[in-house]
Protein chains: 4
Amino acid sequence: MRHKDENKNEAIFQATIQLLNEIGFSDISMSKIAKRANVSPSTIYVYFKNKEDMLGKLYTNVKQKMSTQILAGIDDTIPVKIAFERVLRNQIEFIFNHKDEFLFLEQFSNSPLIQNLCLEDPSWMFHPLFELVDRGREQKLLKECDTMLLLVLIHAPVSALVKQHFNGEFELNEKNIKDMIQMSWDAIKA
Amino acid sequence: MRHKDENKNEAIFQATIQLLNEIGFSDISMSKIAKRANVSPSTIYVYFKNKEDMLGKLYTNVKQKMSTQILAGIDDTIPVKIAFERVLRNQIEFIFNHKDEFLFLEQFSNSPLIQNLCLEDPSWMFHPLFELVDRGREQKLLKECDTMLLLVLIHAPVSALVKQHFNGEFELNEKNIKDMIQMSWDAIKA
Amino acid sequence: MRHKDENKNEAIFQATIQLLNEIGFSDISMSKIAKRANVSPSTIYVYFKNKEDMLGKLYTNVKQKMSTQILAGIDDTIPVKIAFERVLRNQIEFIFNHKDEFLFLEQFSNSPLIQNLCLEDPSWMFHPLFELVDRGREQKLLKECDTMLLLVLIHAPVSALVKQHFNGEFELNEKNIKDMIQMSWDAIKA
Amino acid sequence: MRHKDENKNEAIFQATIQLLNEIGFSDISMSKIAKRANVSPSTIYVYFKNKEDMLGKLYTNVKQKMSTQILAGIDDTIPVKIAFERVLRNQIEFIFNHKDEFLFLEQFSNSPLIQNLCLEDPSWMFHPLFELVDRGREQKLLKECDTMLLLVLIHAPVSALVKQHFNGEFELNEKNIKDMIQMSWDAIKA
DNA sequence: TATGAATGAGGCTTCATTCAT
DNA sequence: AATGAATGAAGCCTCATTCAT
């Protein structure tokens, strides 16, 4: 009996991400994905129960990959400000190296599919980030604000700016990155 | 050209927005929109050339509506900081009063449709905002950063937080709004 | 606006009956039916919700047609034995003139579809037959048996014999018809 | 040729019969059969050439089983009336003990598959029955009718009544069985 | 203007079967 | 012998759009 080919799984994921960024949810189809992945449409159903299942697993997979890279080199011994900057740099690096994955995540997160899919809450992936912010606040380095508020002030600007960059409406060069990091820090620092 | 029944046009727009937020681009269809709008599918083609055309016009229409309300009460005589806060409050108010429109805009903006549609650049709508930021920088009130950078630090956090609020992951009450405005200001102020 | 074409409905029904008798439930398909009926596959969905709905409505339609013709000329003034013979003759005539409809009914009745479809009980169609049998029993012309028992002894043999006839395993000529009617009568008569 | 594991063959047969009675020819599939039989789809192809082949062999197998049991205890020394009653009782007993097999046979016999499959004529299985009827007629116990006519009057009613019983439209209790046997006898007796 | 009827194209998924172990 | 992987063909149904009134 043949073995399941891990490459096929990945090929399907990559094809989906690419197509989703090229033509979007409205025009994607299982057969287009299959064609791009160089498999038969029915092969997708060997690996996934259906379209929803595939998209859900793809989302979780990519989210996982991103969180791992964003949190690289972060533990509770790293000084808060260093960790803060490292997280931002990690995020930028991940996004620049994985443009398609990032844009897929953004598209998916802003579509109702994500709720209708009833995926398990993936916030545990970012747990170290919550801890980092809590630690910073305890050390009086950060403002006495809701944790989520602080986190969003860190992450939202960079996401938005990278999208502008990809759209060509803005150039996220090193100077702008430095400025942005400074601004985020000014926003959250006590 | 103007059509007889402006209500039908609006009904189609509203039905589209609702359905898009309920089921997303992947599952929407002209028939479903027609059913929700209480018109015949063919009626949509009286008002619009085709699906793309309809979505494009809807996007422009909503974007216009939002920009108008966000910029309400802003002109170049208003002190920068007052204007800054007013813009943020306007934005929050618009979003809370037009949840569907806002979520539609977010979904649309993050889908590749927006590029494939070749809509004319709508940034002129926010021109007064650019002026406001430029004025603030000239008056040494704001940092010496790229205009876009400053703008994003104003808008991205509030958008992200409102979405968290709608998702139930965070409560955007008055205290948090105040904190957020303070943080945005700290981010951009000189 | 166009009008619904009653011919199309009937064409779909006839195509389905024919194909079902030619290739059976296992090989029939909506597109084959459409082709045979000279309509587009999607047109079928203008007239019926789905395949199940169509088959169910077809079954009811044919069953209705058959019961009407079988009961032609039967009322409670007709002497029981005359009515009995007339019913049998009617049934034979209907089946010979509507071979396809009859075979369709037999095929459908013996498939689990008929239960899974949850059609409303069509026994009311044969209500006059129940009355006839009851009358015959009251007049001591028929045996003191369960009504259903008497009815089955009337109908089952003729159905079985006609199928044999169509299969070529038996010739249902006038002599055999007469013999059969005599046997059925001997079976039920007091 | 004989296969190693006779159990698998039987498991496939049983799974097919069950599924055919649950969902019918239109919805059955080799995968579903395999799943129900707890084998792999490909295993079916070890035992049978293809789907048609499997169904044909199943039909013959079940038909054989039924005819054997119906004819149990019948030979040309048994008095005709005794044999007649024994056959009917055998038939009822078989059907009650093998509801699924019986219903499968009915479904199969009424579908065009049985002709399209070009199975060899299985009437030899019931040869003793033909002989019984011929003997009865020679002894002037039965009517001077076509053999098939007499046979059908014996078998058709019981089949029809059992189906009614399974459908819950009629209760085939001992009294009704006796009545039915009497009626069948009255039908065929000289 | 407004509409239900009509449709070819294409959606998702399952099919019967074969492959490779 | 036995099986899970793999697939082209085909299943049902819905799509965006046009037709005809």
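Buried area is the accessible area, taken with a 1.4 Å probe, that two parts lose on being put together, summed over both.

Hi everyone. What you see is a predicted model, where local features need pLDDT of at least 70, side-chain atom pairs count only at pLDDT 80 or more, and totals for chains, interfaces and linings use all residues. Residues are numbered from 1 along each chain as its sequence is written, chains are lettered from A and ligands numbered from 1 in the order in which they are written, and side-chain values use heavy atoms, with hydrogens and water left out.

Let's go to chains D and C. Together they bury about 3100 Å², and 67% of that is on carbon and sulfur atoms.

In terms of contacts, meaning heavy atoms within 4.5 Å, 42 residues of chain D meet 42 of chain C. The rule also finds 2 salt bridges across this interface; a salt bridge is a side-chain nitrogen of Lys or Arg within 4 Å of a carboxyl oxygen of Asp or Glu. One of them joins D:D186 to C:K143, with the closest N and O atoms 2.7 Å apart.

Which element gives the most to chain D's side? That's α9(D), with 12 residues. Helices here are DSSP runs of H or I, at least four residues, numbered from the N terminus.

How do the two copies relate? Turn chain D by 180°, shift it 0.1 Å along the axis, and it lies on chain C with an RMSD of 0.1 Å. That is the relation of a two-fold axis. The superposition is by least squares on C-alpha atoms of residues with pLDDT of at least 70 in both. And 100% of chain D's interface residues are also interface residues in chain C, so the copies meet through the same surface.

Not every pair of chains meets, though. Chains B and C have no contact, and their closest C-alpha atoms lie 10 Å apart. Chains A and D don't touch either, with nearest C-alpha atoms 10 Å apart.

Most residues other than glycine have a negative phi. B:K140 isn't a glycine, yet has a positive phi of about 60°. This lysine sits in the loop between α8 (127–138) and α9 (147–167) of chain B. Buried or exposed? At 60% relative accessibility, B:K140 counts as exposed, the cut-off being over 50% with a 1.4 Å probe and protein chains only.

Technical notes:
Helices (H or I, at least four residues) and strands (E, at least two) are DSSP runs, numbered from the N terminus. Buried means under 20% relative accessible area, exposed over 50%, partly exposed in between (1.4 Å probe, protein chains only).
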